[in-house]
Amino acid sequence: MAAAAAWWEALVAAAAVVGGTAGSSTTVVSICVFTAVLCLCLVAGHLLEENKWVNESITALIIGCLIGAIIFLLTKGKQSHILRFDEQLFFIYVLPPIIFNAGFQVKKKQFFHNFMTIMSFGVFGVFISVAIVSAGCYWLFPKVGFGKLDASDYLALGAIFSSTDTVCTLQVINQDETPRLYSLVFGEGVVNDATAVVLFNAIKNLNISHLKGGVVLKVISDFLYLFATSTILGISMGLSTAFVLKALYLGRHSTDREVALMALMAYLSYMLAELLDLSGILTVFFCGIVMSHYAWHNVTASSRITTKHIFATLSFIAETFIFLYVGMDALDIDKWKTSKASFKTSISIFGIIILLVLLGRAAFVYPISILSNNMSGSSERTPITLKHQVVIWWAGLMRGAVSIALAYNQFTFSGVTSDPVHATIITSTIIIVFFTTLVFGFLTRPLISTMLPRHSRALSRGHSTGSNSPKDDFTLPFFSTDEDASGSGIVLEQAKRSISLLLERPVHTVHIYWRKFDDKFMRPIFGGPQSH
């Protein structure tokens, strides 16, 4: 061990001689070591690919924790991580490729068929969860001897622990085996993160000492404004990219330009949203959906393959980076030294937050699922069964890097805090992220295998991908050809039939109308194959 410690110190000292300054040399050493550890995670993930209990997130967390322990011993307790966490670095560089790839790869038909349910989970669910977590912390923390938090801190805690871990959830649930379940959990995760971040920023801007009666309406109106404008911006950037690729056909000279334009426009959409104080998560997500629907069809065949693999690879590296860092940061000695809370108090805080997270999800998952089933016609789609509700509730219990980033933003300054109370909140957040990812993530695959046997998943997949009912092929009067509309009586009959179908199967009917409109007006301008 002494030899290993001497090697580490010699490595840093040698880098200092080469680099010229201690600060830059240390950064070079840190990046080299972190890159090597990332490679180790890739190899370990490959070797554990067939293990049904362990996924990539858990592997990265465990390796991060082991590397943190090694560094802790090598530096004789001075530090445990290679790089210091920066929430701005996370939001600007790490999160965009993950969210964009999620939108680029999502099965759009499933996502928009469940759009209202997803929005209910992701928006109303977050408001309910924030209220429960904030009120519960405000009531229970003083009872275990932990207090001295402002009202804004309690509200911020509600937003911090209401953000689910989209990254880990997407690795656990298979999109092909359970398409509707995946669509609901995935869609909720993206909208949930956006809602939590918007609410968190709104809470930070609130003046708690001068609250007025209309503050709730103001928060809701601000959120609706941000959601609408962010979505419009993302769609506009995606359509602009598609139009340029179709009009200029960059692939005839260089396929590299096609790929570069798509990647840069996607990142530009996120940064524009941040520049305009909008939700970059929503913007880049909808930009990804629009690019996959239009722009992807305007590039050469080789560029199509390249873009899918490049975006997926960047997302994968970013996901691994996040969980690797969380694992190392769990052993950050500075935060543990600053926190003055006793072991009993720390365990009590941990238990309270976990309990509130469980109750907060249950308080909206089951009621919204029941409401969605009652509002949907029997022929519209398969209902959200009790087993599906349990899986949705369980999969959303994991907390990830968004929670850590928000906690750092609220309770630290540039990743450092000297306040013991704030340090306790940071360490509790890290422990909760570590625990929920390991324990809940560890049990999610066996839970899905138990709750959704393979034959049930195949049946659900067959139902959700569309039916062969003659109703699927009805003609819409507003988009029918002259040959179809040969008489006013026929048109009237078609209109009556379409209205009855709209009332009976609203989502399916709206999808058919959109498909006709898309083929007739959108695809000729922005590109893409014609539907048949």
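Tutor: A crossing is left-handed if the near helix is turned anticlockwise from the far one by less than a right angle, and right-handed if clockwise. Helices (H or I, at least four residues) and strands (E, at least two) are DSSP runs, numbered from the N terminus. This is a predicted model, where local features need pLDDT of at least 70, side-chain atom pairs count only at pLDDT 80 or more, and totals for chains, interfaces and linings use all residues. Residues are numbered from 1 along each chain as its sequence is written, and side-chain values use heavy atoms, leaving out hydrogens and water.

Student: How many helices and strands does the protein chain have?

Tutor: It has 21 helices and zero strands. Of the 532 residues, 51% are buried (under 20% relative accessible area; exposed is over 50%, partly exposed in between; 1.4 Å probe, protein chains only). The accessible surface is about 24,700 Å², and carbon and sulfur atoms hold 68% of that (Shrake-Rupley method, 1.4 Å probe). Take contacts (heavy atoms within 4.5 Å) with a separation of 6 or more: 82% join residues 24 or more positions apart.

Student: At what angle do H3 and H18 pack?

Tutor: Two packed helices are described by the angle between their axes and the distance between the axes. Here H3 (residues 56-74) and H18 (residues 420-451) pack at about 140°, with axes 10 Å apart. Axes are lines fitted to C-alpha atoms, for helices over the stretch in contact, and angles run from 0 to 180 degrees between N-to-C directions. H3 is therefore oblique to H18 (under 35 degrees is roughly parallel, over 145 roughly antiparallel, 65 to 115 roughly perpendicular, the rest oblique). H3 passes H18 in a left-handed crossing.

Student: Which residues make the contact of H3 with H18?

Tutor: H3 brings Ser 57, Ile 58, Leu 61, Ile 62 and Cys 65. H18 brings Phe 434, Thr 437, Leu 438, Gly 441 and Phe 442. Seven are nonpolar, three polar and none charged (Ala, Val, Leu, Ile, Met, Phe, Trp, Tyr, Cys and Pro are nonpolar; Asp, Glu, Lys and Arg charged; the others, Gly among them, polar). An α-helix has 3.6 residues a turn, so residues three or four places apart point the same way.

Student: Is the crossing of H6 and H9 left-handed or right-handed?

Tutor: Right-handed. H6 (residues 115-140) and H9 (residues 179-204) pack at about 45°, axes 8 Å apart. H6 and H9 are therefore oblique to each other. Contact residues include Gly 122 and Val 126 of H6, and Gly 187, Glu 188 and Val 191 of H9. The contact has eleven nonpolar, six polar and one charged residues.

Student: What does Gly 288 touch?

Tutor: Gly 288 is in H12 (residues 280-293). Its relative accessible area is 0%, so Gly 288 is buried. Beyond neighbours within four places in sequence, Gly 288 contacts Phe 100, Gly 103 and Phe 104. Gly 234 is 54 residues away in sequence but 8.0 Å away in space, C-alpha to C-alpha.

Student: Is Ser 269 buried or exposed?

Tutor: Buried, at 0% relative accessibility. Ser 269 lies in H11 (residues 255-275). Not counting residues up to four places away, Ser 269 touches Leu 233, Met 237, Thr 283, Val 284 and Cys 287.

Student: Where is Arg 523?

Tutor: In H21 (residues 506-526). At 8% relative accessibility, Arg 523 counts as buried. Arg 523 and His 293 are 230 residues apart in sequence, and 9.3 Å apart C-alpha to C-alpha.
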